[in-house]
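Subject: Structure handover

Hi,

Here is the structure for you to look at. My notes follow below it.

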Amino acid sequence: MDHAADAHRTDLMTITRFVLNEQSKYPESRGDFTILLSHIVLGCKFVCSAVNKAGLAKLIGLAGETNIQGEEQKKLDVLSNDVFVKALVSSGRTSVLVSEEDEEATFVEPSKRGKYCVVFDPLDGSSNIDCGVSIGTIFGIYTLDHTDEPTTEDVLKPGNEMVAAGYCMYGSSCMLVLSTGTGVHGFTLDPSLGEFILTHPDIKIPNKGNIYSVNEGNAQNWDGPTTKYVEKCKFPKDGSHAKSLRYVGSMVADVHRTLLYGGIFLYPADKKSPNGKLRVLYEVFPMSFLMEQAGGQAFTGKKRALDLVPEKIHERSPIFLGSYDDVEEIKALYAEE
């Protein structure tokens with residue numbers, strides 16, 4: 001047994017230690033955020049374990065109901081949703097929860113209320129479960145700025161008012177990527193310890209990438225700027241190399257790769273989905289928050305994504321996010337419209 005190696009393993013920056021260190025910078029902090037985050041982390045560990053066992057435990061397959069988006073619900077979606085709702089409510093730190101799986105917002109009973117509102121997609125990309133492709137949980141956190149009865153209005157705020165956002169990707173490894181507004185950090189689950197360890201401190205997206213990520217099957221329905229941009233990726237006129245196409249079809253996996261390697265992820269509006277396909281509160285906002293914190297950009301085709309003010313909890317929006325210079329190019333094409 002290598003005692004030196006084992007001793008080294010104990011001096012690890014776990015996500016709990018990391019968040020406590022951050023908390024210590026704010027003497028007035030009561031630790032509410034740390035408690036909330038530890039409940040989110042527990043939810044992620046549970047779902048990670050369930051995803052890994054899904055094929056064996058017969059969790060794959062339809063639960064026989066259709067969710068608010070009209071997608072047939074998989075058993076694992078339903079389970080993940082229950083896990084996160086219970087974890088967030090039991091933290092005693094939340095007042096309003098918005099989940100992709102629930103038509104209405106959940107209002108926490110008064111005795112368990114706290115000062116945070118959490119918006120989340122409990123299992124994004126779940127149609128990919130059957131083939132073992134990476135899927136994930138996406139979340140965003142707002143602060144409740146009053147002590148009155150909470151309402152849906154408390155979460156219908158622009159993304160620039162979020163205090164934290166992140167995602168947990170269940171893939172070849174289980175990785176949690178988090179920003180509390182001071183940069184982006186990646187933690188990988190060490191299964192032998194059951195702890196998320198800081199493996200990717202201060203993630204910065206390259207200014208320009210050589211990958212574009214989009215569902216080209218929708219190309220016939222795209223608008224002019226998107227069509228021009230993708231054409232430019234494939235057939236550059238300035239002598240540069242063509243970009244590579246990478247598209248998983250699971251937002252967490254595609255955004256994760258974009259964050260680490262650079263490039264651009266596009267889900268534009270088209271004739272079939274004139275308002276875009278991705279949901280503002282729990283897909284567009286958290287991913288845009290992370291992109292900006294890592295030095296990238298996020299754009300809707302009209303404005304900075306985080307400046308959107310949603311009017312409904314399941315509102316959709318087009319999104320272009322990724323490396324700063326790549327998003328600048330698509331912004332320029334929309335400005336010409």
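At what angle do helix H6 and helix H7 pack, and how far apart are their axes? Before the answer, one caution: this is a predicted model.

**Helix packing**

H6 covers residues 251-261 and H7 covers residues 280-293. They pack at an angle of about 15°. Their axes are 11 Å apart. Angles under 35 degrees count as roughly parallel, so H6 is roughly parallel to H7. The crossing of the two helices is right-handed.

Which residues make the contact? From H6 come Met251, Val252, Val255, Thr258 and Leu259. They meet Glu283, Met287, Leu290 and Met291 of H7. By type, the residues of this contact split into seven nonpolar, one polar and one charged.

**Aromatic pairs**

The structure holds six aromatic pairs. Two of them are described here.

One is formed by Phe84 and Phe120. The distance is 6.1 Å centre to centre, with 45° between the planes. That pair is tilted. Phe84 sits in helix H4 (residues 75-90), and Phe120 sits in strand E5 (residues 116-124). The pair therefore ties together parts that are 36 residues apart in sequence. Both Phe84 and Phe120 are buried.

Another is formed by Phe299 and Tyr334. Their ring centres are 5.9 Å apart, and their planes are at 65°. Planes over 60 degrees apart count as edge-to-face, so this pair is edge-to-face. Phe299 belongs to strand E15 (residues 297-299), and Tyr334 belongs to helix H8 (residues 324-335). This pair, too, links distant parts of the chain, 35 residues apart.

Are Phe299 and Tyr334 buried or exposed? The cut-off for buried is under 20% relative accessible area. Phe299 has 7%, so Phe299 is buried. Tyr334 has 16% relative accessibility, so Tyr334 counts as buried as well. Phe299 and Tyr334 also belong to one aromatic cluster with Phe320.

**A loop residue to look at**

Where does Asp202 lie? Asp202 is in the loop between strand E10 (195-200) and strand E11 (211-213). Phi of Asp202 is near 50°. That is a positive value in a residue other than glycine. Asp202 has a relative accessible area of 40%.

Best wishes

Definitions and conventions. Residues are numbered from 1 along each chain as its sequence is written. This is a predicted model: local features need pLDDT of at least 70, side-chain atom pairs count only at pLDDT 80 or more; totals for chains, interfaces and linings use all residues. Side-chain values use heavy atoms; hydrogens and water are left out. Axes are lines fitted to C-alpha atoms, for helices over the stretch in contact, and angles run from 0 to 180 degrees between N-to-C directions. Helices (H or I, at least four residues) and strands (E, at least two) are DSSP runs, numbered from the N terminus. Angles under 35 degrees count as roughly parallel, over 145 as roughly antiparallel, 65 to 115 as roughly perpendicular and the rest as oblique. A crossing is left-handed if the near helix is turned anticlockwise from the far one by less than a right angle, and right-handed if clockwise. Contact means heavy atoms within 4.5 Å. Ala, Val, Leu, Ile, Met, Phe, Trp, Tyr, Cys and Pro count as nonpolar, Asp, Glu, Lys and Arg as charged, and the others, Gly among them, as polar. Rings of Phe, Tyr and Trp (its six-membered ring) pair if their centres lie within 6.5 Å; planes under 30 degrees apart count as stacked, over 60 as edge-to-face and the rest as tilted. Buried means under 20% relative accessible area, exposed over 50%, partly exposed in between (1.4 Å probe, protein chains only).
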